[in-house]
Amino acid sequence: MDGSSLLRKVNSLTHSLTSPHERSLPAFTLLAPVPPRAADADAAMPVDVEMNDSAAPAPAVIPAIADVPAPAPALSTLQHLKEIASVIEAGSLTKEVRRISRAVRLTVALRRRLAPRGVAAFLAFALPSYSDGFAHLSPLLPKEDGSEMDVDTAAPVAQVSIKHGLPDIEKYCYLLVLIFLIDHKKYDEAKACANASIARMKNLNRRTVDVLASRLYSYYSYAHELTNSLAEIRGMATLHRDELGQETLLNLLLRNYLHYNLSDQAEKLRLKAPCFEAHSNQQFCRYLVYLGKIRTIRLEYTDAKDSLLQAARKAPTAVDSAFSATNGL
């Protein structure tokens with residue numbers, strides 16, 4: 001048998017022993033496995049990761065709360081009053097009237113927080129216990145009602161001391177008690193306090209007291225108006241060169257006459273009164289309001305309109321409710 005016939009017999013025997021799927025492959029083809037590449041072998045093998053405590057991420061740095069400054073504690077009402085008294089003392093010793101005016105503005109802003117025990121504590125601080133002012137003012141305050149007192153227990157603050165015996169401090173105490181009594185509707189006590197304050201102020205001739213005196217005259221008139229005794233104070237006058245006090249008294253007298261519908265007497269007083277330089281914008285606005293009302297009653301409507309429009313333009317944005325410009329209309 002030659003080689004070609006032997007090869008044909010081997011192929012036929014192989015064809016009979018293989019499956020139909022294997023028959024599709026070429027004869028005598030050796031499929032050797034392809035060796036994997038180095039990169040694929042590294043990717044297929046699991047990698048052991050060594051856990052180390054030093055590899056943990058560092059915690060975030062949180063700023064210390066202590067570095068943030070804490071807000072300043074609020075001052076108590078008594079401490080505010082003590083600081084106002086120190087402002088008045090400085091104005092009295094240096095003869096600066098603007099300091100007294102600032103103290104009055106601070107007091108008006110503080111009046112809603114006044115309490116009986118706080119005012120009594122301030123009187124004990126500002127006035128000697130043997131003084132006439134302390135003896136007059138202390139009995140006028142209402143007794144303690146067990147309410148909480150706004151005192152200096154909130155936070156430690158700098159101690160304030162003032163010089164006793166200054167007339168400015170005494171007049172401020174009268175003004176403070178008078179405002180407190182009116183706000184708490186103690187009208188009879190307010191009238192007694194106003195009478196005592198005016199009686200003790202007659203012999204004073206200090207320019208630093210002029211601002212306090214003008215306020216005392218205003219509340220003196222208002223206390224009598226609230227007690228229906230406004231006609232009793234029509235003879236009040238000023239004896240010193242206190243132009244601010246004279247402006248205030250002129251407005252109070254005009255208000256007094258208009259309260260009783262005495263427009264003719266009000267017009268005569270206005271014509272005889274000297275012309276003042278406007279020292280207080282509020283007093284000038286009130287004068288214009290009273291002037292407008294007098295001219296309206298006298299049927300001088302054009303002049304009355306001019307006065308009222310001028311008063312509206314010059315009126316401050318925030319005025320005392322007891323003596324607002326519209327209160328006279």
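Here's a quick tour of this protein chain, from its overall make-up down to a few individual residues. Keep in mind that the model is predicted. The chain has 329 residues, and 37% of them are buried. Its secondary structure comes to 14 helices and 0 strands.

**Overall picture**

- Read from the N terminus, the elements simply go α-α-α-α-α-α-α-α-α-α-α-α-α-α.
- Take the contacts in the chain with a separation of 6 or more: 72% of these are between residues 24 or more positions apart.

**Where H9 meets H10**

- Helix H9 covers residues 187-201 and helix H10 covers residues 210-226; their axes come within 9 Å and cross at roughly 145°.
- The crossing of H9 with H10 is left-handed.
- On the H9 side, the contact is made by Tyr187, Ala190, Lys191, Ala194, Asn195, Ser197, Ile198 and Met201.
- H10 brings Ala213, Leu216, Tyr217, Tyr220, Ala223, His224 and Leu226 to this contact.
- Sort the residues of the H9–H10 contact by type and you get 11 nonpolar, 3 polar and 1 charged.

- Leu230 sits in the loop between H10 and H11.
- With a relative accessible area of 1%, Leu230 is buried, because anything under 20% counts as buried.
- Setting aside neighbours within four places in sequence, Leu230 is in contact with Ser221, His224, Glu225, Asn256, His259 and Tyr260.
- One of those partners, His259, is 29 residues from Leu230 along the chain, yet their C-alpha atoms are separated by 8.6 Å.

**Arg255, in H11**

- Helix H11 spans residues 243-259, and Arg255 is found in it.
- Is Arg255 buried or exposed? Its relative accessibility is 8%, so Arg255 counts as buried.
- The Arg255 side chain makes a polar contact with the side chain of Tyr290, at 3.4 Å.

**Cysteines**

- How many disulfides are there? The count comes to 0, with a disulfide taken as a pair of cysteine sulfur atoms within 2.5 Å.
- Cys173 is buried, at a relative accessible area of 0%.
- Cys285 is buried too, with a relative accessible area of 1%.

Methods: Residues numbered from 1 in each chain as written. Predicted model: local features only at pLDDT ≥ 70, side-chain atom pairs only at ≥ 80, totals over all residues. Heavy atoms only, no water. Buried < 20%, exposed > 50% of the residue type's maximum accessible area, 1.4 Å probe, protein only. Axes fitted to C-alpha atoms, helices over the stretch in contact; angles between N-to-C directions. Helix = DSSP H or I, 4+ residues; strand = E, 2+ residues; numbered from the N terminus. Left-handed = near helix turned anticlockwise from the far one by under 90°. Contact = heavy atoms within 4.5 Å. Nonpolar A, V, L, I, M, F, W, Y, C, P; charged D, E, K, R; others polar. Polar contact = N/O pair within 3.5 Å; in protein donor to acceptor, adjacent residues only side chain to side chain.
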